[in-house]
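Please look over the model below before reading on.

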Number of protein chains: 4
Amino acid sequence: MEDIIKEAYIESIKNIRKGDKEEEVKKIQEKIKKAKKIIVATNNEKKFKVIKDIMLKVCNAQIKMINIDTKFADLTRMPALYKGLLALDTEKGDIYISRGRLGVPGSGSMLIILDKKGRILTASLSPSSVIHRENIEKRIKKELIEALKRIGISIN
Amino acid sequence: MEDIIKEAYIESIKNIRKGDKEEEVKKIQEKIKKAKKIIVATNNEKKFKVIKDIMLKVCNAQIKMINIDTKFADLTRMPALYKGLLALDTEKGDIYISRGRLGVPGSGSMLIILDKKGRILTASLSPSSVIHRENIEKRIKKELIEALKRIGISIN
Amino acid sequence: MEDIIKEAYIESIKNIRKGDKEEEVKKIQEKIKKAKKIIVATNNEKKFKVIKDIMLKVCNAQIKMINIDTKFADLTRMPALYKGLLALDTEKGDIYISRGRLGVPGSGSMLIILDKKGRILTASLSPSSVIHRENIEKRIKKELIEALKRIGISIN
Amino acid sequence: MEDIIKEAYIESIKNIRKGDKEEEVKKIQEKIKKAKKIIVATNNEKKFKVIKDIMLKVCNAQIKMINIDTKFADLTRMPALYKGLLALDTEKGDIYISRGRLGVPGSGSMLIILDKKGRILTASLSPSSVIHRENIEKRIKKELIEALKRIGISIN
């Protein structure tokens, strides 16, 4: 991953970068598919189960939830991201999946997949529950499938 | 906005927070609709025009692009967000709209709307262009409409 | 401030930037000295008093503490900074002063001054209390005086 | 490290946290002393040499500079930190040392040591060069010695 990122950065500096490349998307897919340990940044059993069931279709990993209350991330500017970083800082894993508010209160939710250095691999967004009024487990399922789909991993 | 955020934060601390509230979503809508000056974090005329045309349907604002090369944000962990912060730090405005890569190279793109303190009001995501292979102006249009829709602002 | 930052950014892009300029330091001083409202990101009366007494020697501002528990920032990667952002997001002010842990547990403390957009104007650091074993009010006093001194504001 | 952080976070949640603990500071020392590979986030030979010479007194590590232009970090809100993250994202290492501007133009400089997940282990600050007018290598030397000293590592 470091080499691929370095190459992309150097392209940006030289002003010859033309957008994502297939090998970059492949590398992200590979990182997720080859993960041996996945940390889910929630301490809610139901949400955890939804995420675990889907991820087990993608990779052969140990999947773990955390035992710290993540609601504190709601006092940050990007709760979804900071939940993920909280998991990253307190657990060893290959990838980290978190879900929470996107930004300010009212801004809807974000599901986000980080690698072991805290880099964002993919994500997905949902409208505010005020807008969609859908069951939360169903919504999380959709979000995770969408996050995987946008980097080319399809779930049946 | 500060009072609404404070209230939400206090609910989180007290562990009584139940997700976004209608008044919070309304407040975000209002901030966008009442914006007098919008800064678009791009120096690309075409991309700017797409965003400007849509925003003029939502609000009666002066809309401006920036004159700094934003490609440097591509060397950060969240290029879309850091383009927005670059605009925030160099221009006075009520809201800031930026668009760029979500995370690592290959992670697709994000469009993001910030307020004048750099708080995230809404956003939307697209797959990697490797995946969608769509015209970029069309894609940006979709992204902006989607970002507005998820907080309850519809564009015809 | 926006214009000064823009100029500095353009110098960096052109590769002609040679470090801080006197007018930039003067601008920071001015922002602090002319502040009309200062928010201190603490809900501890004693710490607040130390900071207030010093700031009143520098500027003629209303100085306010916040009424949200800031300990939650301790679950972030930069507690001192995130306390400041928490204050920024919940209160209107011209400048924000916060103090907390620098980074990981054990990394000592940081005092930080932000402007109304959340930009860092100055800061100072202390060793871990395990290392210095000094009274906390005395330490905060030193930190604030040091933070001001490094941008050219002297307190007698 | 993850376990120590988790314990500290849980103490914060329970509201029983009393500041840094000796074992936490020891852990940070150990991480630095046992580093096998150190990445210095600069492409300037002179600055690199200053840092390398000091670090070789502390640990028995391979020490490497990066070959990407880091000036782009100057367009972010915390140039010193983002230089470090740029190194983290493009090189494998145990710890990362970076140095750059603290915040806005005029805010002086910061030297910062990150671990392999991008967590801040220690740091130090210098006034704006406009204020101190000192030779830069001398200044970097002071900063690194200070950063190590504040977590209990002394250099003779």
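In what order do the five strands of the open sheet in chain C stand? The order is 2-1-3-4-5, and the pairing is mixed. Strands and helices here are DSSP runs numbered from the N terminus (E, at least two residues, for strands; H or I, at least four residues, for helices), and two strands pair if DSSP finds at least two bridges between them. This is a predicted model, in which local features need pLDDT of at least 70 and side-chain atom pairs count only at pLDDT 80 or more, while totals for chains, interfaces and linings use all residues. Residues are numbered from 1 along each chain as its sequence is written, chains are lettered from A and ligands numbered from 1 in the order in which they are written, and side-chain values use heavy atoms, with hydrogens and water left out.

Strand 2 (62–65) and strand 5 (120–126) of chain C are at the edges of the sheet; each has a single partner strand, so one side of each lacks a neighbour there. Direction ignored, neighbouring strands are turned by 15° against each other on average. Strand 1 (residues 37–40) of chain C pairs with strand 2 of chain C in the parallel sense, over four bridges, and Val40(C) is opposite Met65(C) in strand 2 of chain C. Helix 4 (residues 79–90) of chain C packs on the sheet, where it touches strand 1, strand 3 (95–101), strand 4 (109–115) and strand 5 of chain C. Contact means heavy atoms within 4.5 Å.

In chain D, the buried residues of helix 1 (residues 2–14) include Ile4(D), Ile5(D), Ala8(D) and Tyr9(D), where buried means under 20% relative accessible area with a 1.4 Å probe, protein chains only. Their cover includes helix 4 (79–90) of chain A, strand 3 of chain C and helix 2 (22–33) of chain D. Just after helix 1 of chain D, Asn15(D) has a positive phi of about 65°.

How do chains C and A meet? Ten residues of chain C are in contact with ten residues of chain A. The two chains bury about 940 Å² between them, 66% of it on carbon and sulfur atoms; buried area is the accessible area (1.4 Å probe) that two parts lose on being put together, summed over both. Phe72(C), Leu75(C) and Arg77(C) supply 55% of the area that chain C buries against chain A, more than any other three residues. Of the interface residues of chain C, 100% are also interface residues in chain A, so the copies meet through the same surface.

Note on methods. Axes fitted to C-alpha atoms, helices over the stretch in contact; angles between N-to-C directions. Expected span 1.5 Å × (residues − 1). Buried < 20%, exposed > 50% of the residue type's maximum accessible area, 1.4 Å probe, protein only.
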